Amino acid sequence: MNLYHNKLAQWAAYGVFFAIIAAVPLFVSDSFLLNQLGTYGVYGLLALSISLCWGFGGILNLGQGIAFGLAAYGMAMTMQMQTQDPESNPIPPFMLNNSLEQLPALWEPFWSTGLGITLALVVPTLFYVIFGNLMFRARVSGPFFAIMSLAMLSALFTIILDMQPYTNGANGITPPQPLTILGTPLDPYGPATYWLVCGLLIALTVGAKLLTQSKFGLLVQAVRGDAERVRFLGYNVAAYETAIYALSGFIAAVAGCCWVILVQYVSPAQLDVSFSVTMVIWAGIGGRLSLLGSMLGAFIIQGGQSYLGDALLSTWLLGLGAFFIIVVRFLPKGLAGLLEMGLGALSSGRRPKQLEPADRANAMAGE
Amino acid sequence: MGSLDLNSLINALVLGLSIASIWLLAAIGLTIIYGVVGVINMAHGEFIMLGAYSSYLLQSYFGLPFLLCIPASFVVVAAIGLVIERGLIRYLYNRPLDTLLATWGVSIVLMQAVRLIFGSDPKYLAVPALFSSNLQIGFINLSVFRIVVMAVTALVVAGTWFLFYRTRFGMQVRAVTQNKEMAASFGINASRVYMLTFALGAGLAGVAGSLFGVLNIVLPTMGTAYVVQAFLVVVTGGGTLLGSVFAGGLTGELQSIFAAVTNDTFARFLLFLLIVVFLWFRPQGLFAPRSVRR
Amino acid sequence: MAGLLEIKDLHKSFDGTPVINGFSLEVTEMTVCCVVGPNGAGKTTTMDLITGRQKPTSGTIHFAEEDITGLGEHEIARRGIGRKFQVPAVFRELSVRQNLEVAYSKQTNALKNMFVFGDAAMKRKLDEIAALANLTERLEVEAGTLSHGETQWLEISMVLMQNPRVLLLDEPVAGLTEGEIMKTARLIKQLKETNTLIVVEHDMGFVREIADVVTVMHMGTLLAQGTIGEIEANDRVREVYLGSEEH
């Protein structure tokens with residue numbers, strides 16, 4: 001049997017991965033580098049969320065920036081309000097610049113750190129539940145859902161840009177101080193913050209992996225294959241699609257919160273279409289059917305991008321686009337699929353899977 | 001702002017017509033590529049961008065007059081589309097999600113290639129002096145160039161309609177969309193039909209690009225602004241030519257009226273919500289042929 | 001015995017063209033009812049209407065004395081109507097075992113299923129049905145690699161995993177070899193002990209083998225109904241079939 005499909009081996013691989021990322025602060029003393037590696041944890045979370053939704057659920061979501069961005073704004077608002085004072089200084093400076101004389105009602109709940117963070121996580125998730133339910137009940141699926149999610153994202157992008165007095169428009173929100181939890185400030189450049197992000201990544205990855213192995217995970221994969229068939233087996237397909245979409249939105253929301261804790265900044269760029277598409281490219285190249293593969297895809301691509309620098313950015317993106325085309329055309333399971341084939345060849349000593357004539361006939365009859 | 005009197009309503013309606021013509025022009029190539037070939041072409045915005053750059057190139061290096069740049073851009077972008085269809089898209093028919101992703105890869109490649117060749121600084125297209133003037137009819141004020149855009153859009157729609165419903169090629173196209181196997185048994189080469197339709201759709205994006213390059217500045221990223229809008233027109237219309245004409249007209253007018261009451265960005269947001277609700281009631285769009293499965 | 005499934009005066013038209021034109025049918029529990037008829041008679045559309053894939057223009061469908069007309073596909077399936085499609089529809093990327101696990105739909109709630117990691121009752125049932133359908137050896141292979149005959153049997157097994165009261169089988173022996181057809185006939189006779197079956201089939205030899213009642217559809221209406229002997233002696237049926245069907 002192919003080692004790639006062995007559950008124990010899979011968990012072992014995840015264990016090694018977790019151990020490596022958790023040990024990073026022990027070897028990295030440069031705090032700026034540690035902070036940057038922390039943001040990779042955020043990319044990992046986003047790749048995880050895409051793999052769950054697109055890889056397992058078959059729902060191509062080109063608007064994951066919705067949850068990421070909304071949560072990031074929620075967290076930034078919370079952190080901003082931590083530095084304001086209800087008595088002497090209740091209004092953030094950028095609002096004063098936009099001649100607001102009162103704190104908008106939208107901002108009021110963010111006086112409370114607990115409520116603020118809760119809203120940062122709940123609002124995007126709830127948004128996904130409602131939007132997903134609307135779309136999936138109407139049986140919008142496949143490329144149409146992709147386009148609708150993309151359009152929703154750009155609608156949100158324009159509205160945030162437009163609401164200058166509330167969101168500071170294109171400049172975004174820059175909370176002057178790090179997040180303070182229970183009286184302790186979380187230094188974005190310290191190991192504690194890194195471990196917080198890392199811990200969330202590990203916990204959510206384990207949760208997601210277990211989810212894919214549950215009956216729910218199996219059903220979601222069945223829906224990906226043939227949603228109509230699942231319906232005739234007695235399942236409410238829209239509920240499954242909404243659930244996996246909302247869960248992936250929740251993970252992206254966690255990523256959005258972590259992002260602002262690490263960089264102390266949010267702007268509409270987090271809701272930019274190209275960033276959401278980049279997430280899909282990470283998962284596509286790494287291997288959308290593998291949670292770990294998708295995360296490694298994010299690390300490799302973001303790592304390559306930042307180490308090549310701005311001078312070569314266009315060339316790098318050009319190469320990335322070309323490679324992505326090759327992956328779509330020849331390697332639908334991404335680099336993880338390559339590993340699967342390799343291990344398959346190793347364990348069986350022959351080519352892993354060949355199409356039988358009957359298989360082809362079925363494939364043709366199926367259309 | 002706020003209230004809407006008759007004058008500003010008529011102004012908004014006229015402006016809406018202009019917006020509608022822009023969206024329709026952006027969407028028409030996408031409509032025929034989607035309606036006939038079934039491909040969701042995410043590189044459509046970049047085809048528009050390529051149209052603008054080819055006009056720029058022809059104008060500033062070969063001194064081609066602007067009005068000739070329009071058909072020339074059609075030819076150039078159609079040729080590029082043809083190469084992409086033969087080299088990539090044709091291997092991905094019947095895999096709609098994969099074509100979407102692959103064409104996104106194409107869009108990245110095209111955008112970065114243009115950036116490497118032409119740089120990131122904006123380029124400008126020069127137009128005859130007459131085009132940059134304004135026309136005043138009563139209280140309605142409209143730039144001449146916007147009227148040119150409307151005229152070209154009308155011409156393109158009429159031409160496409162003629163091609164699809166009044167020529168032998170159009171008959172072949174419709175035969176292939178209705179039943180590929182049966183069309184093949186009548187000796188129609190579906191692969192050739194797809195190839196030519198894809199090239200035609202790309203060429204029309206090229207036409208749109210050479211006009212949009214005048215409305216806005218020419219940049220490697222200019223295509224992204226149009227692609228989402230164009231998709232909404234196609235999806236709302238249901239992927240047919242008539243559907244896109246109606247959807248383009250309706251959304252353009254609504255955008256203009258909403259914008260007159262609120263502002264541009266908020267209008268866009270409202271319009272989108274409206275489209276989501278509409279598609280919820282009618283997922284197949286305004287005019288969609290009934291789908292048959294199994 | 002009252003009819004388990006009662007269809008009354010069903011009408012369905014597409015864009016004004018009637019496809020089902022006042023069709024009525026009553027299916028008794030624990031019988032095999034075969035629906036035959038020339039192509040375009042409306043057999044598959046009737047299946048679509050019963051299972052909720054299409055909504056009838058008018059008419060009613062009652063199942064176990066409950067009106068199920070117009071319910072959603074999954075709601076009808078949950079009430080105990082399982083369906084095998086004309087073109088075998090299995091999850092090709094999943095293993096045979098996973099296909100059967102998906103079909104076991106005792107718990108359908110999405111949130112609750114997040115905490116289900118296999119249960120003993122399901123495993124027992126899976127082994128039992130796999131043995132019945134000769135799929136025990138093939139449980140771990142990808143369903144997409146099965147032969148056509150195995151795929152047909154897998155889909156029937158999936159319907160059985162659903163634990164339905166009525167099985168609708170749309171052309172279960174299309175494309176099967178003579179030997180496979182005989183095996184399928186034996187399986188259906190076995191299923192009749194505990195289930196009610198509605199079988200759409202062209203193969204008259206197979207129908208003769210399994211049917212308790214034969215219903216002949218023509219132009220969207222019921223042309224004749226009776227035992228296979230009565231049907232084969234019916235002049236109108238001969239008229240409709242002569243030349244249009246070989247048997």
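## Worked exercises on a predicted three-chain model

A compact globule of 367 residues would have a radius of gyration near 21 Å, and chain A, with 22 Å, agrees with that; the radius is taken over C-alpha atoms, and the rule is 2.2 Å times the number of residues to the power 0.38. This is a predicted model, in which local features need pLDDT of at least 70 and side-chain atom pairs count only at pLDDT 80 or more, while totals for chains, interfaces and linings use all residues. Residues are numbered from 1 along each chain as its sequence is written, and chains are lettered from A and ligands numbered from 1 in the order in which they are written.

**Exercise 1. Describe the overall build of chain A.**

Step 1: Start with secondary structure. Chain A holds 15 helices and 2 strands; helices (H or I, at least four residues) and strands (E, at least two) are DSSP runs, numbered from the N terminus.

Step 2: Along its principal axes, the C-alpha trace of chain A spans about 80 × 50 × 40 Å.

Step 3: Look at burial. Of the 367 residues in chain A, 49% count as buried (20 or more other C-beta atoms within 10 Å of the residue's own, with C-beta atoms placed from the backbone).

Step 4: Turn to contacts, where two residues qualify if their C-beta atoms, placed from the backbone, lie within 7 Å. Among the contacts in chain A with a separation of 6 or more, 79% come from residues 24 or more positions apart.

**Exercise 2. Characterise the side of chain B that touches chain A.**

Step 1: Count both sides. In chain B, 34 residues are in contact with 34 residues of chain A.

Step 2: Find the suppliers. Helices H4 (96-118), H9 (224-237) and H11 (264-281) of chain B each supply at least two residues of this side, and H4(B) gives the most, with 15 residues.

Step 3: Sort by class. The side of chain B that touches chain A has 26 nonpolar, 5 polar and 3 charged residues. Ala, Val, Leu, Ile, Met, Phe, Trp, Tyr, Cys and Pro count as nonpolar, Asp, Glu, Lys and Arg as charged, and the others, Gly among them, as polar.

**Exercise 3. Trace the two open sheets of chain C.**

Step 1: Take the sheet of 4 strands. The order is S2-S1-S4-S5 in chain C, with antiparallel pairing (two strands pair if DSSP finds at least two bridges between them). Strands S2 (17-28) and S5 (66-67) of chain C are the edges.

Step 2: Zoom in on a pair. S4 (residues 58-63) of chain C is joined to S5(C) by 2 bridges, and C:His62 has C:Asp67 as its bridge partner.

Step 3: Move to the sheet of 6 strands. Its order in chain C is S6-S7-S8-S3-S9-S10, with mixed pairing, and the twist averages 20° from one strand to the next.

Step 4: Pick out a parallel pair. Strands S3 (residues 32-36) and S9 (residues 213-218) of chain C run parallel, joined by 4 bridges; C:Cys34 stands opposite C:Val214 in S9(C).

Note on methods: Buried ≥ 20, exposed ≤ 12 C-beta atoms within 10 Å, placed from the backbone. Axes fitted to C-alpha atoms, helices over the stretch in contact; angles between N-to-C directions.
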